[in-house]
Amino acid sequence: MAQAASKTCEICVSAPGSQYCLDCEQYYCENCKSLHKRQKLSTNHQFQNASELIPEGKSKCSQHKEEFTLMCNTCNVPVCTSCVAGNHNGHTFSKLVDAIAQLRGENEKQIRDKTKEANQNITKIENSLKLFDNAVESVIKAINDQSNMIKSMIDKSVAQMIVSVKEQSKKEKGKVEKSLSTAKSELVAGQNLDKRRRDLDKTRPDETMVQQINKMKEEINRLHIKSLPEFPKISFDSKAVTEDDIKKLISSYTLR
């Protein structure tokens with residue numbers, strides 16, 4: 001079907017034929033269309049805008065050379081009046097314009113239903129995307145929250161461990177410092193005895209000197225050098241930690 005050129009009303013032959021009567025197959029102006037619709041015989045005639053696609057000419061039956069005026073509902077093809085008594089004898093028929101109008105109406109309804117369904121699907125998909133985006137943000141927030149909780153627990157454990165290391169090392173260091181102080185006192189006592197010994201060597205060897213030497217010997221014997229304590233040692237036993245170990249600390253997520 002081709003688009004019609006500009007036509008003149010075939011009734012008044014003066015105004016533009018903006019309307020096309022599908023039943024009469026004629027062009028009407030708006031005024032003549034109104035008059036045509038008021039007549040009893042043509043009150044139910046169907047019109048369409050002339051600007052729409054309409055036949056430039058009338059299709060004819062190739063067998064009978066007659067115009068197609070009917071639609072064979074059984075075969076779903078246009079037929080002429082001679083076909084009714086011929087190959088289409090016994091079939092059911094309807095007016096071609098009515099059949100075309102019905103088909104157009106059905107197509108329009110189907111298109112409208114399908115576009116409505118497509119719009120509904122678009123709305124559902126968009127809503128689903130919004131819900132999914134919100135769910136993704138919730139999962140990300142949950143991961144961050146749990147990560148921060150784990151970090152906080154790790155920081156707390158590290159701080160407690162450092163405090164424990166400092167406290168215990170302070171006690172052990174105090175024991176060593178006490179031993180150091182004792183060793184220094186023993187050194188001073190030995191140095192004093194050694195000074196007295198050198199001074200005594202400068203005196204006259206007599207009975208008094210012998211007594212002082214024996215007395216010093218007793219003091220030397222009483223000077224006890226304590227054995228060294230076991231020195232404290234400290235080391236850190238590092239545990240191998242993998243990314244999988246870290247991931248196991250965080251709850252998993254499910255994506256369906």
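Trainee: How many helices and strands does the protein chain have?

Mentor: The protein chain has five helices and six strands. Both are DSSP runs numbered from the N terminus: H or I over at least four residues for helices, E over at least two for strands. In sequence order, the pattern of the protein chain is β-β-α-β-β-β-α-β-α-α-α. Before we go on, note that this is a predicted model: local features need pLDDT of at least 70, side-chain atom pairs count only at pLDDT 80 or more, and totals for chains, interfaces and linings use all residues. Residues are numbered from 1 along each chain as its sequence is written, and side-chain values use heavy atoms, with hydrogens and water left out.

Trainee: What radius of gyration does the protein chain have, and what would a compact globule have?

Mentor: The radius is taken over C-alpha atoms, and the globule rule is 2.2 Å times the number of residues to the power 0.38. For 256 residues, a compact globule would come out near 18 Å, but the protein chain has 58 Å. Its C-alpha trace spans about 170 × 45 × 30 Å along the principal axes.

Trainee: What percentage of the residues in the protein chain is buried?

Mentor: Buried means under 20% relative accessible area, exposed over 50%, and partly exposed in between (1.4 Å probe, protein chains only). Here, buried residues make up 15% of the 256. In total, the protein chain exposes about 20,700 Å², with 54% of it supplied by carbon and sulfur atoms; such areas come from the Shrake-Rupley method with a 1.4 Å probe, and for residues only the protein chains shown count as cover.

Trainee: How many salt bridges does the count come to?

Mentor: A side-chain nitrogen of Lys or Arg must lie within 4 Å of a carboxyl oxygen of Asp or Glu. By this rule the count is 11. One of them pairs K95 with D23, with the closest N and O atoms 3.3 Å apart. This pair links distant parts of the chain, 72 residues apart: K95 is in strand β6 (residues 93–95), while D23 is in the loop between β1 (19–21) and β2 (26–28). K95 counts as partly exposed because its relative accessibility is 44%; D23, at 25%, is also partly exposed.

Trainee: Where do E108 and R112 lie?

Mentor: Both lie in helix α3, four residues apart, about one turn of the helix. R112 is partly exposed because its relative accessible area is 46%.

Trainee: Which residues form the nonpolar patch on the surface?

Mentor: Patches take residues with over 30% relative accessible area and no salt bridge, joining like charges within 9 Å and nonpolar side chains (Val, Leu, Ile, Met, Phe, Trp, Tyr) within 5 Å. Here F132, V136, V139, I140, I143, Y253 and L255 form the patch, with about 640 Å² of accessible area together. Among them, V136 lies in helix α3 (residues 96–201) and is partly exposed at 32%.

Trainee: Is E219 buried or exposed?

Mentor: E219 counts as buried because its relative accessible area is 17%. You'll find E219 in helix α4 (residues 207–222). Leaving aside neighbours within four places in sequence, E219 is in contact (heavy atoms within 4.5 Å) with L193 and R196.
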